Amino acid sequence: MRSILLVLLTIAFVGCKPKKEEVVKEVSVEKTFPKLEKDRYNVAFLIMDGTFNTELTAPFDIFQHTIFRENIKAMNVFTVANTDKHITTFEGMKILPDYNYVKDSLPKIDILVVPSAEHHLDTDLDDKAMIDFVKRIDKEAKYVTSHCDGAFVLAKAGLLKGKVSTTFPSDIDKMRIMFPDLDIRKKVLFVHDGKYITSAGGAKSFEAALYLCEFLYGKDVAKSLAGGLVIDWNVDEVPHLIVE
């Protein structure tokens, strides 16, 4: 019995013997930026935690597919955020941003897209670095577009002064209260005023993106892009406003 007890104690002692301390080495990985083809529009999508999937992916899909059309100035599409770490969308998708607008050297941005995010009606509007980024890009961009509550970001940045705009239908009254000097329209799915295109968002983000493509490339290209995504496209059937 004593022999058995001795064996058990020996096994217990060996089993509890501390393991060698594991040393975890951090591997430094050089950041890889997307390859931007020459003679294309550079289109930046502003993303952050809480970005809604549809307002990001709908215009992203439309614009990215321009590279498969011939004889047009296609689009380089990429994402920008205030971090090098992944962001998590409202629906849980994790996305690693292409550029960190706080510290990376950015390419010239021709078109800025501001999808909606969870806190675009509150805390995001207090993000000075983000608002300053939007203001800075506005000075060089040919077009600035928003989807759903992304219009609140444009308004906070002062870009919609003297312009007509729209936003997510149920948030129009909130936007009017928050920005009483702005002309914000109901019963339209998108508004084009100057260099700014604001849309109601959701699935209608496809329409606003297709409209910009029709504006840039013509009706046939827009119909082709829509057909590739099985969308029936006729801008005349979409409630919208173009401010001449």
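Colleague: Where does Asp39 lie, and why is Asp39 called exposed?

Modeller: In this predicted model, Asp39 lies in the loop between helix H1 (2-15) and strand S1 (41-46). Its relative accessibility is 69%. The cut-off for exposed is over 50%, so Asp39 counts as exposed.

Colleague: What separates the C-alpha atoms of Asp39 and Lys73?

Modeller: The two residues are 34 residues apart along the chain, and their C-alpha atoms are separated by 6.6 Å.

Colleague: What makes Glu37 and Lys35 a salt bridge?

Modeller: Their side chains meet at 3.8 Å, N to O. A salt bridge needs a side-chain nitrogen of Lys or Arg within 4 Å of a carboxyl oxygen of Asp or Glu, so this pair qualifies. Lys35, at 69% relative accessibility, counts as exposed.

Colleague: Why is Asp110 called buried, and what does its side chain meet?

Modeller: Buried means under 20% relative accessible area. Asp110 has 8% relative accessibility, so Asp110 is buried. Its side chain meets that of Lys108 in a salt bridge of 3.2 Å, N to O. Lys108 is partly exposed, with a relative accessible area of 45%.

Colleague: How do you know that Arg176 and Asp173 form a salt bridge, and where do they lie?

Modeller: The N to O value is 3.9 Å. The limit is within 4 Å, so the pair is counted. Both residues lie in helix H5 (residues 172-178), three residues apart, which is about one turn of the helix. Arg176 has 33% relative accessibility and counts as partly exposed. Asp173 is also partly exposed, with a relative accessible area of 40%.

Colleague: How many salt bridges does a search of the whole structure find?

Modeller: The search finds 13 salt bridges.

Colleague: Why does Asp193 have no salt bridge?

Modeller: The side chain of opposite charge nearest to Asp193 is that of Lys163, 4.0 Å away. Asp193 is found in strand S10 (residues 190-193). Its side chain reaches the backbone nitrogen of Val164 at 2.8 Å. A polar contact requires N or O atoms within 3.5 Å, so that distance lies inside the cut-off.

Colleague: Is Thr66 buried or exposed, and how do you know?

Modeller: Thr66 has 0% relative accessibility. The cut-off for buried is under 20%, so Thr66 counts as buried. Thr66 lies in the loop between helix H2 (53-64) and strand S2 (75-81). Its side chain reaches the backbone oxygen of Phe63 at 2.7 Å.

Colleague: What makes Tyr217 buried, and where is its place?

Modeller: Tyr217 has 15% relative accessibility. That value is set against a cut-off of under 20%, so Tyr217 counts as buried. Its place is in helix H6 (residues 205-217). Tyr217 and Ala74 are 143 residues apart in sequence and 9.3 Å apart in space, C-alpha to C-alpha.

Colleague: What is phi of Val230, and why is Val230 called exposed?

Modeller: Phi of Val230 is near 55°, again a positive value in a residue other than glycine. Val230 has a relative accessible area of 77%. Exposed means over 50%, so Val230 is exposed. Val230 is found in the loop between helix H7 (219-228) and strand S12 (240-243).

Conventions. Residues numbered from 1 in each chain as written. Predicted model: local features only at pLDDT ≥ 70, side-chain atom pairs only at ≥ 80, totals over all residues. Heavy atoms only, no water. Helix = DSSP H or I, 4+ residues; strand = E, 2+ residues; numbered from the N terminus. Buried < 20%, exposed > 50% of the residue type's maximum accessible area, 1.4 Å probe, protein only. Lys, Arg positive; Asp, Glu negative; His and termini not counted. Polar contact = N/O pair within 3.5 Å; in protein donor to acceptor, adjacent residues only side chain to side chain.
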